[in-house]
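Welcome! Here is a short tour of the spaces inside one protein model.

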Amino acid sequence: MDQIQHNFITVRGLNFHVAELGEGSNVVLFLHGFPEIWYSWRHQMVALANAGFRTLAPDYRGYGLSDIPPEPEKTTFADLVADLVAILDHLGINKVFVVAKDFGVRPAYLLTLLHPHRVSCVVTLGVPHVPLEPRKYRESLPEGFYISRWNEPGRAEADFGRFDAKTVVRNIYILFSRSEIPIADEKQEIMDMVDASVPLPPWFTEEVLATYGALYEKSGFKTALQVPYRSFDEDFGITDPIVKVPALLIMGCKDYVLKFPGMEEYIKFGKAKELVPNLDIIYLPEGTHFVQEQSPELVNELILDFLRSHM
């Protein structure tokens with residue numbers, strides 16, 4: 001991992017950290033989720049760079065080593081997309097392959113829909129492209145549903161604030177690695193769902209946790225709570241939501257996202273292909289929400305095969 005370069009690019013009034021590895025005209029843009037950071041793509045960056053791709057993995061505004069915006073509570077998904085376009089323009093990159101994970105899937109597909117000439121194809125992990133109208137999950141899940149809790153201004157801040165950043169990341173990684181949706185009891189906070197004695201997933205080491213902890217210690221969680229958790233109802237003014245480029249969804253069969261109301265049916269019975277007609281879906285039987293870190297060699301191979309078939 002030492003060969004990965006760390007560059008800082010000033011665009012739109014903020015200084016953005018962009019990890020980069022590899023050379024050439026075929027550029028892969030990696031978009032992280034939460035509680036991840038550029039570092040969650042370390043295995044894929046090395047593999048794709050060795051295969052002849054140039055790889056870029058930015059930290060979003062307010063995440064990791066990128067600047068925190070002056071008013072994090074006003075950050076939007078539209079900001080993230082505009083930031084990505086500005087970074088690509090600054091680097092003189094006209095077109096990219098996009099690989100995205102978790103909530104990074106939304107800016108990935110927004111980039112594709114709003115700037116179709118900039119994207120060759122899209123690979124997403126753990127989350128499909130879904131309709132852009134407001135989500136209904138909170139209406140059909142208990143009050144303790146983690147997204148409902150984190151959507152409430154101040155509640156997650158108070159919950160997270162009882163612990164250091166490393167412990168917060170640890171607890172969320174453990175929760176999100178399970179096959180059930182994190183739902184707290186009425187008088188319980190989300191962080192209280194993980195006991196200190198619970199071990200990390202076997203593929204997630206203390207050294208890796210320390211890296212994540214240090215990055216979130218720097219950035220805090222204020223922007224991360226705003227985007228995604230308080231921005232899902234954002235209106236993008238998109239009149240044609242059909243994605244025209246080829247796409248691949250890599251889905252772990254033990255990913256808790258499949259338990260979201262209607263999600264498994266949406267993916268398995270063709271609804272996802274209504275928005276993304278040229279969509280391939282690959283299921284990993286033992287895959288959790290973090291397949292790119294859990295099974296990096298397999299995921300690297302799947303991504304490479306797909307990108308090569310669309311060059």
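## The largest cavity

Helix H3 (105–114), helix H5 (146–151) and helix H9 (222–229) each give at least two residues to the lining of the largest cavity. H3 has the largest share of that lining, with three residues. Helices here are DSSP runs (H or I, at least four residues), numbered from the N terminus. This is a predicted model, where local features need pLDDT of at least 70, side-chain atom pairs count only at pLDDT 80 or more, and totals for chains, interfaces and linings use all residues. Residues are numbered from 1 along each chain as its sequence is written, and side-chain values use heavy atoms, leaving out hydrogens and water.

The largest cavity holds about 290 Å³ of space. Among its 22 lining residues, Asp102, Phe103, Val127, Arg135 and Phe232 are the closest to its centre. A cavity is a set of points on a 1 Å grid over the protein atoms alone where a 1.4 Å probe fits but cannot get out, and lining residues have an atom within 4 Å of a point. A volume is the space filled by probe spheres set on the points, which are joined across faces, edges and corners.

## The second largest cavity

About 50 Å³ of space lies in the second largest cavity. Its lining is made up of Arg135, Tyr137, Arg138, Phe145, Ile147, Phe232 and Phe260.

## Glutamate 293

Glutamate 293 sits in helix H12 (residues 291–294). Is this residue buried or exposed? Glutamate 293 counts as buried because its relative accessibility is 3%, where buried means under 20% relative accessible area (1.4 Å probe, protein chains only).

Definitions and conventions:
Buried < 20%, exposed > 50% of the residue type's maximum accessible area, 1.4 Å probe, protein only. 1 Å grid on protein atoms, 1.4 Å probe; cavity = no way out; pocket = protein on both sides within 12 Å on 5 of 7 lines; lining within 4 Å.
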